Amino acid sequence: MNFKSLLAFILVTGVFLTNFAQNTKSRENVQIFYYGWYGNPTIDGKYYHWNHDVLPHWSNPKWNNLGNYKGADDIGANFYPALGNYSSNDPEIIKKHMKMIKESGVGVVVLSWLGKDPFVDKSIIKYLDIADQFDLKIAFHIEPFYKSITELRDQLSYLVKTYSHHHAFYKKDGKPLYYIYDSYKISPSEWSKLLSENGEKTVRNTELDGLYIGLWVEKEHSDFFDKSAFDGFYTYFASEGFVFGSTTSNWSYLSQYAKDHHLIFIPCVGPGYSDTRIRPWNEANFKSRENGKYYEKMFNAAARVNPEFIGITSFNEWHEGTQIEPAIPKKAGNFKYEDYGKDSWFYIKETKRLTDQFLRSK
């Protein structure tokens with residue numbers, strides 16, 4: 001091979017390898033929202049969340065004071081878990097869940113975090129240790145428990161100092177990735193104090209630096225992301241058409257906005273939506289699973305915009321019926337729970353198929 005041919009070969013190979021690196025996706029590019037807020041009398045002394053309140057409507061008093069579910073056979077969900085009224089603090093349950101998530105093909109578990117609360121936070125080390133056994137990572141979904149940017153900064157400091165040294169604590173290019181739920185409820189000017197490099201309370205170039213992903217809900221949130229200094233945005237909701245962000249026909253717009261502003265866009269997909277046990281007034285947002293077709297359509301819509309990440313809503317948000325965790329047929333009095341048909345593991349398997357398909361795409 002002469003010098004010119006060798007040089008051409010090196011250039012072509014270099015371009016190929018660069019493109020390959022850019023296009024290669026790993027399991028960590030698929031991330032699933034997970035809730036560790038369930039409890040039962042055996043492990044926790046009483047029920048948590050299975051005995052969910054029936055939520056009032058924001059303006060119609062007809063739906064006020066409707067009480068709560070009792071737990072056991074009668075839970076605040078439209079589906080019934082194959083594992084029953086489990087405790088999120090039970091290491092055997094955590095192990096079963098991490099095994100299911102591993103088999104679903106997902107690489108990162110996004111754990112809902114309510115700060116230094118006495119319930120969810122006490123089991124984070126268990127989640128990290130057990131996730132590590134299955135070669136999974138844990139990221140954090142920051143719930144809106146804080147009243148100010150200052151409080152959030154203090155809580156993040158605790159989170160980082162307590163857990164970020166763990167091998168299973170998810171980092172992208174050395175930085176944690178945080179999903180910030182309901183981020184729009186704090187003004188972009190306040191967020192800028194925390195997230196811009198010159199902000200008075202900046203996390204940038206400190207131990208609290210990370211990839212901060214805000215929630216895009218309405219179209220006008222473009223203005224929010226113009227000014228707030230977030231590193232990207234996600235859509236979370238599994239109900240197609242519920243809001244601008246969860247409407248799949250808008251994802252090409254969101255994808256282009258992200259590219260134009262050098263932000264990360266994480267479209268979120270789900271298998272369906274069913275929450276009328278806890279929100280009996282919300283039938284308009286019910287989304288049938290269509291025996292897996294709804295999930296497939298949402299997943300394919302996300303893959304079409306070729307995002308770096310896809311979020312899955314959810315592993316076990318039973319109250320909103322977005323879970324892929326195995327569910328079984330069951331009745332409670334006159335109420336018949338929805339189910340997945342003949343195979344309680346259908347959505348674990350379907351997630352693996354759809355995830356594999358996404359990871360094979362460029």
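**Conventions**

Helices (H or I, at least four residues) and strands (E, at least two) are DSSP runs, numbered from the N terminus. The model is predicted, so that local features need pLDDT of at least 70 and side-chain atom pairs count only at pLDDT 80 or more, while totals for chains, interfaces and linings use all residues. Residues are numbered from 1 along each chain as its sequence is written, and side-chain values use heavy atoms, with hydrogens and water left out.

**Backbone features in loops**

S314 is placed in the loop between strand 10 (310–312) and strand 11 (331–332). A cis peptide bond, with omega of about 15°, joins T313 and S314.

Positive phi values occur in residues other than glycine. For N65, phi is near 55°; this residue belongs to the loop between helix 2 (41–44) and helix 3 (91–103). N65 counts as exposed because its relative accessibility is 79% (buried means under 20% relative accessible area, exposed over 50%, partly exposed in between, with a 1.4 Å probe and protein chains only). E290, which is not a glycine, has a positive phi of about 50° and lies in the loop between strand 9 (268–269) and helix 9 (293–304). With a relative accessibility of 34%, E290 counts as partly exposed.

**Packing of helices 5 and 6**

Two packed helices are described by the angle between their axes and the distance between the axes. The axes of helix 5 (residues 149–163) and helix 6 (residues 188–195) come within 10 Å and cross at roughly 35°; axes are lines fitted to C-alpha atoms, for helices over the stretch in contact, and angles run from 0 to 180 degrees between N-to-C directions. Helix 5 contributes I149, L152 and R153 to the contact, and helix 6 contributes E190, W191 and L194 (contact means heavy atoms within 4.5 Å).

**Nonpolar core and a buried aspartate**

The largest nonpolar core has 106 residues, where such a core is a set of buried Ala, Val, Leu, Ile, Met, Phe, Trp, Tyr and Cys residues joined through side-chain atoms within 4.5 Å. M98, F140, I142, Y178, W191 and Y234 have the most contacts inside this core. Not counting residues up to four places away in sequence, Y234 touches residues including F33, H141, Y179, L215, W216 and C268.

D182 lies in the loop between strand 5 (175–180) and helix 6. Its relative accessibility is 11%, and D182 therefore counts as buried. Beyond residues up to four places away in sequence, D182 touches P144 and L215.
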